[in-house]
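Thanks for coming. I have one structure to go through today, so let me put it on the screen.

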Amino acid sequence: AAATRSPAQHALRRSCARMNLLERNPIADLKKGMQRQGAGTRADKIRWPSRDPADPYLRVAPGAWVFPKADPFTPEDYARDDEGDDAAYFERHARFMPTASADASAALARHYDRHIKPDSRVLDLCAGAFTQLPLEWPLEVTGLGINARELDANRRLAHRTVLNLNRPPASAEPLRLPYEDGAFDNVLLNGGAVGMLTDPVAVFAEARRVLVPGGSVIVSFGKDEPDGPKQTARWRDSNAQQRMYLCASWVHFGGGGAPEAWVDMRGYDVSPGRRPERNLWKKMAQGAKAALGEEEVVYVLQATKGAATPEEKAAEEERQKELLLSTARYQVTKLLKSFVDELDEADRDAIVTEFALYVCGHPDEKLSVMQAINPTVLSGLYLDVERKCPEMSAQDKQLLVLDMLLTDYVGDPLDVRKSFLEWMLDEVTPDMLRSFLADRKAAAEPYALV
């Protein structure tokens, strides 16, 4: 099997090994973790790698993650035994009873209580009929799931959206959650649903988009998950420790692989058996479950949205530029309406675009631009050019007036602008105007940005 792995997959396995996530013995995993921190290795000294009493369930600390440079996963990793229609499958297997035990649900609720602030806006992805967020908590919870009946049964949800996160293989449209950027403070993915996603990287990219800066994504899962036929091959063939790294990898590459996309990424083991138990009978029951290998496992992968990546910054700058251009075109169109009515649509649009681009390129001079295209100033200059050069076409007159305003009027102090108008009206001769027009046409195409 090793001979069939790609170099990227070998890198992934080496990363897992460096983080002890290929170990199937959790005690050995903990011993090695303590050795790296310089602690003892005797069984009675084994503790979680965290030394922070406020974070007692931490398993993988920030900075311990090691990822390959490129996404190593292939379509075969996301193959499933049942590739049939997801909506039909979950309609046949709709669940209206909790799939997790009361202890596991309580353990996850305690984790949420530590990490979700009151009055937060929470998005529950792959939501069903139940959630581990108690009704009395002051949260605004939006549920997105594939089964409408399950969502309707979930009393914790304030808003509901029916959507299949698994896009058809032939779909050319990328996944897009129906929410605005920065709409939520937390995004949850519970119950091992991440193991059924055929494109988890795209899902976490969208989760990052809808999070506010500083918001967190919280993914929970166990070692035995329902809906086995819908699990992807990579998830099905991984143990609980490896699944922690799988989730971390998908979240990481959902941010484009940029280190600044996600910060403070942590892995937790919040299993019920990890909680100190004072009741003797419950402690004995925990010990018996552990001895029989029946102990419930609840792992959590959590990451915080960091700064914008270079690609996101470039996209945001382009979006802001388009928004500014649209606003400027609207303003300029209103101011130039009476001035350009006699031109055809193409010429009028070209003039509006030229002024709007100038406004976008000189945001500090926006006030001067608006003053420059005051209809009174425009009309006065146009009438002066028309009086001095009646043979000019309307388009040439428009071009000449706009060019002179942009080059000799916009951005100058008030006294300079007054001097320009006086010079234009009193001293500029028809021959000078014809020369200005010829220079303008020779410099660039008509209506191009000066």
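How much space lies in the second largest pocket? About 540 Å³. Bear in mind throughout that this is a predicted model.

Let me stay with that pocket for a moment. Its lining consists of 23 residues. Nearest the centre of the second largest pocket are Asp181, Arg208, Arg209, Lys305 and Glu312. Sorted by class, the lining has 11 charged residues, 6 polar and 6 nonpolar.

Which elements supply at least two residues each to this lining? They are helix H6, residues 200-210, strand E6, residues 211-221, and helix H10, residues 310-340. H10 gives the largest share, with 6 residues.

Next, the strands. E6 pairs with strand E8 in the antiparallel sense, over 6 bridges. If you want a position to look at, Val217 stands opposite Ala303 in E8. Strand E7, residues 262-269, is also antiparallel to E8, and that pairing has 6 bridges. There, Val263 has Thr304 in E8 as its bridge partner.

Now the aromatic residues. The structure holds 11 aromatic pairs. Take Phe221 and Trp235: their ring centres are 5.4 Å apart and the planes stand at 80 degrees, which is over the 60 degree cut-off, so this pair counts as edge-to-face. Phe221 belongs to strand E6 and Trp235 to helix H7, residues 233-236, so the pair ties together parts 14 residues apart in sequence. Phe221 is buried, with a relative accessible area of 3%. Trp235 is buried too, at 0%.

Phe221 has another pair, with Tyr299. These ring centres are 5.9 Å apart with the planes at 85 degrees, so the pair is again edge-to-face. What does this pair tie together? Phe221 is in strand E6 and Tyr299 is in strand E8, so the pair links parts that are 78 residues apart in sequence. Both Phe221 and Tyr299 are buried.

Finally, which residues make up the aromatic cluster that includes Phe221? The cluster is formed by Phe73, Tyr78, Phe221, Trp235, Trp250 and Tyr299.

To go back over the strands: E6 contributes at least two residues to the pocket lining, pairs with E8 over 6 bridges, and holds Phe221, whose pair with Tyr299 reaches E8. That is what I have for today.

Technical notes:
Residues numbered from 1 in each chain as written. Predicted model: local features only at pLDDT ≥ 70, side-chain atom pairs only at ≥ 80, totals over all residues. Heavy atoms only, no water. 1 Å grid on protein atoms, 1.4 Å probe; cavity = no way out; pocket = protein on both sides within 12 Å on 5 of 7 lines; lining within 4 Å. Points joined across faces, edges and corners; volume = space filled by probe spheres on them. Helix = DSSP H or I, 4+ residues; strand = E, 2+ residues; numbered from the N terminus. Nonpolar A, V, L, I, M, F, W, Y, C, P; charged D, E, K, R; others polar. Pairing = 2+ DSSP bridges. Phe/Tyr/Trp six-rings, centres within 6.5 Å; stacked < 30°, edge-to-face > 60°. Buried < 20%, exposed > 50% of the residue type's maximum accessible area, 1.4 Å probe, protein only.
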